[in-house]
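Visitor: I have a new structure open and would like to learn how to read it. Can we go through it feature by feature?

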Amino acid sequence: MLLQLYVLNGPNRGEIHGLIQGTNYVGRSMDNDVRIEDRTVSRKHLRIFRENDKCFITDLKSRNGTFYRGSFITPGATVEVEQGFPIALGMAVVCVGESCADEIMPFPELLGLGVESKQGGEPGSEKRRKPNQKRMEFVLKLADVFKENLSIRETQEKILRHILRFLKRIDRASFVLIEPGTPETRMVTSRSKKSHGDPSVAYCREVIIQVVKTRRPIVVSDVETEQRSKLVDTLKVLKILSVMCVPLIYRSQILGAIYVDSMERPYGFRRDDLLLFMDLSQRVAIALENIRMVSELSSVADSLASDD
């Protein structure tokens, strides 16, 4: 039987690697069977041992850990993995099994998103295309957040603080989580650099609805240069100049979305920022779903204890 490892995000997004019987090494260095070019992945991060149709993973004392099915794997311990469940190596996400192919979010080019300005690109964009150390610092800070034992709200608030520091031209950022299997909003966590009108309206609801419905990102760099549509008209009424929203998907289930916008100037982000957020959404979805499950199990345990 052909058994494959799928890379769900990062520079190696979409790569598919056949797993041989016996030992397969995964890491950042070139001598691995599966190389993942992500700074949060250790040089020799993970060992996957295939025995017929079963796979067992061992974390090789990696710096940022290996996260699977709700917890970080103890370095040196061996865990059997179930096909279709994502495995987080630092901020990188991989998955074993054919069903994992559905978890790979399409690139913006396939979505027909006009991220660059129609008037020749974002001002200063050439300068900003140079390697950005701040981008790596941002990713490493998020990796640290995921190691902390925080509630969903605390995790979201920390991530939003880092997003607002990283995207200097963004004014507001939100997490919008929905009830599983429904479009109903379950939780909203928002942060703003300063007051922008009604504080209870921290995002454009129509953007969230569309992202949840289509399961695809939405990007509007400048409402004034976008083709007129109902959504663009709504953004103008709300005085939103640019917006970016990316879905949070875990095992084919939509959990909600990450939303950022700018109300003082257009071009709050660039194309690379969208690609980064698409990558981060995979890791964020894993973390939030795990925290939710742990919280629910704790509530059940408390209820059983009270019944006694």
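Visitor: Let me start with the disulfide of Cys95 and Cys100. Why is the disulfide left-handed?

Guide: Look at the torsion about the S-S bond. For Cys95 and Cys100 this torsion is about -60°, so the disulfide is left-handed. The model is predicted, and in it the two sulfurs are 2.0 Å apart.

Visitor: How many disulfides does the structure hold?

Guide: It holds 1. Cys245 is in no disulfide. The nearest cysteine sulfur to Cys245 belongs to Cys204, 9.2 Å away.

Visitor: Is Cys245 buried or exposed?

Guide: Buried means under 20% relative accessible area. Cys245 has 0% relative accessibility, so Cys245 counts as buried. Cys55 is buried too, because its relative accessible area is 2%.

Visitor: How far can I trust the coordinates?

Guide: Where pLDDT is low, predicted coordinates should not be read in detail. The protein chain here averages a pLDDT of 84. Of the residues, 83% score at least 70. Over residues 109-131 the pLDDT is below 50. That stretch still has 33 contacts in the model beyond near neighbours in sequence.

Visitor: Now the sheet. In what order do strands S12 to S16 lie?

Guide: Read across the open sheet, strand by strand. The order is S13-S12-S16-S15-S14, with antiparallel pairing. The edges are S13 (185-192) and S14 (218-220), and each pairs on one side only. Neighbouring strands are turned by 15° against each other on average, direction ignored.

Visitor: How many bridges link S12 and S13?

Guide: S12, residues 172-178, pairs with S13 over 7 bridges in the antiparallel sense.

Visitor: Which strands does helix H4 lie across?

Guide: Helix H4, residues 152-166, lies across S12, S13 and S16 (253-262). It runs at about 35° to S13. Helix H5, residues 205-214, lies across S12, S14, S15 (242-250) and S16. H5 runs at about 35° to S15.

Visitor: What should I look for inside the protein?

Guide: In soluble globular proteins, nonpolar side chains tend to be buried together. Here the largest nonpolar core has 67 residues. Ile163, Met244 and Leu248 have the most contacts inside that core. Helix H7, residues 271-307, gives the largest share, 11 residues. Apart from this core lies another, of 23 residues, including Leu231, Val243, Ile254 and Met263.

Visitor: Which residues is Leu248 in contact with, leaving aside neighbours within four places in sequence?

Guide: Among them are Phe175, Leu177, Gln253, Ile254, Leu255 and Ile258. The list also includes Ser281, Val284, Ala285 and Leu288.

Visitor: Where does Arg69 lie?

Guide: Arg69 is in the loop between strand S7 (66-68) and strand S8 (71-72). Its phi is near 50°, a positive value in a residue other than glycine. Arg69 is partly exposed, with a relative accessible area of 44%.

Note on methods:
Residues are numbered from 1 along each chain as its sequence is written. This is a predicted model: local features need pLDDT of at least 70, side-chain atom pairs count only at pLDDT 80 or more; totals for chains, interfaces and linings use all residues. Side-chain values use heavy atoms; hydrogens and water are left out. Two strands pair if DSSP finds at least two bridges between them. Helices (H or I, at least four residues) and strands (E, at least two) are DSSP runs, numbered from the N terminus. Axes are lines fitted to C-alpha atoms, for helices over the stretch in contact, and angles run from 0 to 180 degrees between N-to-C directions. Contact means heavy atoms within 4.5 Å. A nonpolar core is a set of buried Ala, Val, Leu, Ile, Met, Phe, Trp, Tyr and Cys residues joined through side-chain atoms within 4.5 Å. Buried means under 20% relative accessible area, exposed over 50%, partly exposed in between (1.4 Å probe, protein chains only). A disulfide is a pair of cysteine sulfur atoms within 2.5 Å. pLDDT is the predictor's confidence in each residue, from 0 to 100.
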